[in-house]
Amino acid sequence: MSNLKKVVVGKESKEKLEKFFTWVYKNEIVNDISHIPNGDLVQIKDQNGGFLGIGYCNSNSEITIRVLSFYDENITDDFIDERIKKAILKRESLQACTNAYRLIHSEADLLPGLIVDYYNGYLGVQLNTLGIEKYRKVILDSLVKYLNPKGIYDKSEARVRKIEGLETTNEIIYGEVAQNIDIVENGIQFSMSLIEGQKTGFYLDQRKNRQIVSQYIKSGDEMLDVFCNAGGFGLYGLEKGADVHFVDISPNAISQVTHNIQLNNKEAKVTKQDAFDFMTNEITTSNLYNVIILDPPPFAKTKKESFGAIKGMKFLLTNGLKILKEDGIVALFSCSHHIGINELLEIALEASKNSKKMVEVLEILRADSDHPYILNIPNSNYLNGIVLKA
Ligand SMILES: C[S@@+](CC[C@H](N)C(=O)[O-])C[C@H]1O[C@@H](n2cnc3c(N)ncnc32)[C@H](O)[C@@H]1O
C-alpha cells in the first residue's frame, strides 16, 4: 500500500515494532504528521525508509498509531472480514463448555479498538477508536454474516472514544436485544444484561479460573466470594455444595447475584457492602472460611496508582488469610497489568508475614483463552491470579 502517507518512527519504536508490538506513541514519531487526517491508514517506516507496518493514525491520542498489519498488504474490507472470521474460528472449542465468550479482543486479535462478546445469540460490541469506527459497516456485516445474531448492542466506551474525538451512544444497533440474557457456563446458569451490566456485560475472562478454583471446593465448605459481581466464583461453590456468602458494593451486582442464585435453585447469603469495611469487620467476628475469593476491580489503572493498589490488596489478603480455616484456600486476582504475577506473589509474601501464616502456592492463573495473551503485547496479559493454601 505504497500510496499511504508515511509515518517515520525513531529507533526505540522500530525495535518494538520488529518485536510485533502494536502501538506507536506520539513521542516516538519523528516526522511531521499534521497533514494526516485522523483515522487514516498510514505506512510506518524507520528512519532509513524500511517498512515496519500499516496502522491507523489519530493524533488526538497518545497512542497515535495502532498497527493492523506488519506486512505490506492492502487493508481492504475483505482483510477486516478475514480477521473477524479468524477470531470467530479461534473460539469454536469454547462452545463445548459455554454459550458466552469474547469473540474479538482488540489488539490480541489484531483488530485494535474492536471488542465483541457473544452471549447466547446476542452480541455486545465496542468500537473504541476512530480508526476502527471507519470499518463499522464491514464489521457489522461480517458479524451478521458469520453469526446471524438475534441482536447487537453497542457498548462502546464513552471515555476512550472521547479521547479519539468520537461521540458515544450505547444502543441496539441490530435486531432486538433482550433486557436479560440467560447464559450457561460449565452447566451453571447466569443471567446477564448487555444493557445494564458492568464492563462489556459479564466477566468472561475468569471462566477458566472459576473452574480451576472450584476443583478445590468441597461440599459443606464455608466460602466467601468478595467482589462477587454476578456471583461467578460463588455459584460454582454452591454447585459443589458449599455455603457461600457473596459481597459486592454495587446494587446492580447484588441484584444480579441474587437472581443467579435463584436461577440455579440455590440459597446463599448476599451482602451489599464495601469490601474493605467487610473484611475489617470479619476479623472481629469469629467467622472462618475454607475458601475465600478476592477479585477486586482494577485498582491501578495507571502505573502511578500501583502503590495504593498494592497496599489495598495486601490488606485484603492479610485479612483473608487471618479468617481462613486450617488448610483453606484463598484466591487473589489483579485485573490490571500494572500488578502482574510478580507483584501478586510479593503481596502474598507480605500478607503471609502479616497474618503469621506460611502459604503454599497452588495455582498461578491468567485469563481464559478467549482473551489471548500475546507475548508481543504485554498489556494483553492483564489478568493474573494466585490460589494459596494456608
Ligand atoms: C472484577 S469484578 C468481579 C468479577 C467476579 N468475580 C466474576 O467472576 O464475575 C469486581 C467487582 O468488584 C465490585 N467492587 C468494586 N469496588 C468494590 C468495593 N470497594 N467493595 C466491594 N465491591 C466492590 C464491583 O462492583 C465488581 O462487581
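Strand E5 covers residues 63–69, and five of its seven residues are buried. That makes E5 a mostly covered strand. The model is a predicted one.

Look at the partners of E5. Strands of a sheet pair through backbone hydrogen bonds, and they can run parallel or antiparallel. Strand E2, residues 23–25, runs antiparallel to E5 and is joined to it by three bridges. Strand E4, residues 51–57, is also antiparallel to E5, with four bridges between them. A hairpin of five residues leads from E4 to E5. Arginine 66 stands opposite tryptophan 23. Arginine 66 is also the bridge partner of tyrosine 56.

Now step back to the whole chain. The chain is divided into domain 1 (5–69), domain 2 (77–175) and domain 3 (203–389). Take domain 2 and domain 3. Their centres, taken over C-alpha atoms, are 29 Å apart. Where they touch, 10 residues of domain 2 are in contact with eight residues of domain 3. On the domain 2 side, strand E6 (residues 100–105) gives the most, with four residues. That side has four nonpolar, two polar and four charged residues.

Next comes an open sheet of seven strands. The order across it is E15-E14-E13-E16-E17-E19-E18, and the pairing is mixed. Which strands stand at the edges? They are E15 (269–272) and E18 (360–366). Each has a single partner strand, so one side of each is left without a neighbour in the sheet. From one strand to the next, the twist averages 15 degrees.

Strand E17 (residues 324–334) and strand E19 (residues 384–389) run antiparallel, and six bridges join them. One of the pairings links isoleucine 329 with lysine 389 in E19.

Helices pack here too. Helix H6 (residues 207–214) packs on the sheet and touches strand E16 (289–294), E17, E18 and E19. The direction of H6 makes about 160 degrees with that of E18. Helix H8 (residues 251–263) lies across strand E14 (243–248) and E15. H8 runs at about 170 degrees to E15.

Last, turn to the ligand. How many residues surround the ligand? There are 19, and the closest are Tyr203, Phe227, Asn229, Gly232 and Ala275. By class, this shell has 11 nonpolar, five polar and three charged residues.

Alanine 275 lies in helix H9, residues 275–284. Is alanine 275 buried or exposed? Alanine 275 has 22 C-beta neighbours inside 10 Å. The cut-off for a buried residue is 20 or more, so alanine 275 counts as buried. Leaving aside residues up to four places away in sequence, alanine 275 touches Val226, Phe227, Val247, Ile249 and Leu316. For a contrast in distance, find lysine 162, which is 113 residues from alanine 275 along the chain. The C-alpha atoms of these two residues are separated by 31 Å.

Definitions and conventions:
Residues are numbered from 1 along each chain as its sequence is written. This is a predicted model: local features need pLDDT of at least 70, side-chain atom pairs count only at pLDDT 80 or more; totals for chains, interfaces and linings use all residues. Two strands pair if DSSP finds at least two bridges between them. Helices (H or I, at least four residues) and strands (E, at least two) are DSSP runs, numbered from the N terminus. Axes are lines fitted to C-alpha atoms, for helices over the stretch in contact, and angles run from 0 to 180 degrees between N-to-C directions. Two residues are in contact if their C-beta atoms, placed from the backbone, lie within 7 Å. A residue is near a molecule or strand if its C-beta atom, placed from the backbone, lies within 6 Å of it. Ala, Val, Leu, Ile, Met, Phe, Trp, Tyr, Cys and Pro count as nonpolar, Asp, Glu, Lys and Arg as charged, and the others, Gly among them, as polar. A residue is buried if 20 or more other C-beta atoms lie within 10 Å of its own, exposed if 12 or fewer, and partly exposed in between; C-beta atoms are placed from the backbone. Domain bounds come from an automatic or database domain assignment.
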